[in-house]
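Please open the model in your viewer and keep the selection tool handy. We will go through it stop by stop.

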Amino acid sequence: MKQSEKTGEQATELMEFTLSGGCVVCGGEMSVRMSPGAIRGYCGRCSWISKPLIWQSGKEVSILHPPLAEA
Ligand SMILES: [Zn+2]
């Protein structure tokens, strides 16, 4: 058995996580995908797509959505 394929959660290139309540439109779960130079959030409930600002301090991840564009 090999145990060296998945080590920890510190992805180097791509990171995906779900933020419950992360959607500012409907308050639903937002799937966030971080890749080098690009962050994209997607709400599976209302299909809202955002480009949130995310920063990490220690183990805590903070998310900030830029102001919604007016329709
Ligand atoms: Zn939503």
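Two residues are in contact here if their C-beta atoms, placed from the backbone, lie within 7 Å. Keep in mind that this is a predicted model, where local features need pLDDT of at least 70 and side-chain atom pairs count only at pLDDT 80 or more, while totals for chains, interfaces and linings use all residues. Residues are numbered from 1 along each chain as its sequence is written.

Now colour by secondary structure. The protein chain has six strands and zero helices; from the N terminus on, its elements run β-β-β-β-β-β. Helices (H or I, at least four residues) and strands (E, at least two) are DSSP runs, numbered from the N terminus. Of the 71 residues in the protein chain, 10% are buried. A residue is buried if 20 or more other C-beta atoms lie within 10 Å of its own, exposed if 12 or fewer, and partly exposed in between, with C-beta atoms placed from the backbone.

Two strands pair if DSSP finds at least two bridges between them. Strands of a sheet pair through backbone hydrogen bonds, either parallel or antiparallel.

Zoom in on strand 1 and strand 2, which pair in the antiparallel sense over five bridges. Pick threonine 18 and you will find its bridge partner in strand 2, serine 31.

Stay on serine 31, which sits in strand 2. Is this residue buried or partly exposed? Serine 31 counts as partly exposed, because it has 15 C-beta neighbours inside 10 Å. Leaving out residues up to four places away in sequence, serine 31 touches Glu16, Thr18, Gly41, Tyr42 and Gly44.

Valine 32 has glycine 41 in strand 3 as its bridge partner, and serine 35 stands opposite alanine 38. The hairpin of strand 2 and strand 3 has two residues between the strands, and glycine 37 there takes a positive phi near 85 degrees.

**Two loop serines**

Select serine 20, in the loop between strand 1 (15-19) and strand 2 (30-35). Serine 20 is exposed, as 9 other C-beta atoms lie within 10 Å. Its C-alpha atom is 6.2 Å from that of methionine 30, 10 residues away along the chain.

Then jump to serine 47, in the loop between strand 3 and strand 4. Serine 47 is also exposed, with 11 other C-beta atoms within 10 Å. Check its backbone too: phi is near 65 degrees, a positive value in a residue other than glycine.

Finish with strand 5 (residues 53-57), joined to strand 6 by five bridges in an antiparallel run. Serine 57 has glutamate 60 in strand 6 as its bridge partner. Two residues lie between strand 5 and strand 6 in this hairpin, and glycine 58 in the turn has a positive phi of about 65 degrees. How many of the five residues of strand 6 (residues 60-64) are buried? The count is zero, and strand 6 is hardly covered.
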